[in-house]
Amino acid sequence: MKIDNRNKYVLTVSCPEANGIVRAVSDFLFQRGATISEAAQHRDPVIDRFFMRVEFEEAEADLPSSEKLDEDFQSVADKFQMQWQFFDLRHRPRVLLAVSQHGHCLIDILHRWSSGALPADIVGVVSNHQDMRGITEWYGLDFHYLPITPETKQQQESAILDIIQEQSVDLLALARYMQILSPRMCEAMAGRAINIHHSFLPGFKGANPYRQAYMRGVKIIGATAHYVTTELDEGPIIEQAVERIDHNFDIEELMQIGRDAECAAFARAVKWHCEHRIIVNGNKTVVFR
C-alpha cells in the first residue's frame, strides 16, 4: 500500500466580493507547485462579501512552509482586502475539553478521538466536578479538577488559561460545561471556544428544560453548537441538530433524544473547526462541509 507523504495545507479567505479572486488564488498556488484537492466558495449577497476555503498539496515540487506561503500571499491579499490564514494539516489542532457532571458529549468526543474520527489531539479535560475523572483517565488523558465558587471564579479561569498556554491549546471545547465564562475568558478564547446547549434556550430558561418542554407539548427538540461570546448562548452558530417528537414521548425519552442531538451537533462542530472548515461572518458562520 502506497503511503501519501505529500504535505497538505488549507487556505481560508474572507474579503469583499470582486472579480478575479478565485483566479488569483489558483494562480498563486499553481506557481508554487500546488495541486488543489478541494475548493469551495460562498458569497453573502446581503453584505456582498466573499468566502473561500482551498485544500491543496504538493505536486512535483516541495511547497514552502505555511509561514512562507503566508508571507508570499500578502500581495494577493492586499489587492483584494483579504482576511486569510494558511493551515498546515500536519499540525493537528490541540483540544482541551471542559465538562461538569453530564458526560454524554465528553464520552462521545473521546470515542471519536480514540477511533481516529476526530483529526485533533486532545490534551486533557478540565472540570469543576470529579464525576468524569474515571473515564478521562481510562483514555489516558490528564484530568484537571478545578472546583469553582463565585469567590474563586477568577482564579479558576486563570488556572484554565494557564493550562491552555502550557499545552498550546488551539480549541477549548465545552462538552456540557455548566459554567458561564467571564468576559475576560470569552475574549481570550474568541473564535477558539465552542459550546453546546439544548435548543430550548431562550424559550425554556432555568432548571428542568426538558420538563418545561414536555409540559408545553413541543414537537421538535434539538441542540445548538456555537462559538462562545460574551453574549450568553448567542455566539455564531456552527451546527444544529433537531428531532421531531409527539405526545407519545415521556420526559426521559425527551432527555435521551436531546442528549443524542447534543452529541451529534457538538461532534460535527468540533470536527469542522479542526478541519478549518468554518469562517466567522459577523454574528454567523460560513461552514464549508
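Let's start with strands 1 and 3. Strand 1 (residues 8-16) pairs with strand 3 (residues 49-58) over 9 bridges, in the antiparallel sense. Two strands count as paired if DSSP finds at least two bridges between them. Strands here are DSSP runs of E, at least two residues; helices are runs of H or I, at least four; both are numbered from the N terminus. Within this pair, Leu11 stands opposite Val54 in strand 3.

A word on the source. This is a predicted model, where local features need pLDDT of at least 70, side-chain atom pairs count only at pLDDT 80 or more, and totals for chains, interfaces and linings use all residues. Residues are numbered from 1 along each chain as its sequence is written, and side-chain values use heavy atoms, with hydrogens and water left out.

Back to strand 1. Val13 faces Trp84 of strand 4 as its opposite residue. How much of strand 1 is buried? 7 of its 9 residues are, so strand 1 is largely enclosed by the rest of the structure. Buried means under 20% relative accessible area, exposed over 50%, and partly exposed in between, with a 1.4 Å probe and protein chains only.

Next, the cores. A nonpolar core is a set of buried Ala, Val, Leu, Ile, Met, Phe, Trp, Tyr and Cys residues joined through side-chain atoms within 4.5 Å. The largest has 35 residues; among those touching the most other members are Val95, Leu97 and Phe266. Several elements give two or more residues, including strand 5 (94-99) and helix 4 (104-114). Helix 9 gives the most, with 9 residues. A second, separate core of 22 residues includes Tyr9, Val13, Phe50 and Met52.

Last, Asp233. An unreviewed UniProt entry annotates Asp233 as "active site". Asp233 lies in the loop between strand 10 (220-227) and strand 11 (237-244). Asp233 is partly exposed, at 26% relative accessible area.

Notes:
UniProt positions are given in the numbering used here, feature names are shortened, and annotations may be inferred rather than shown by experiment.
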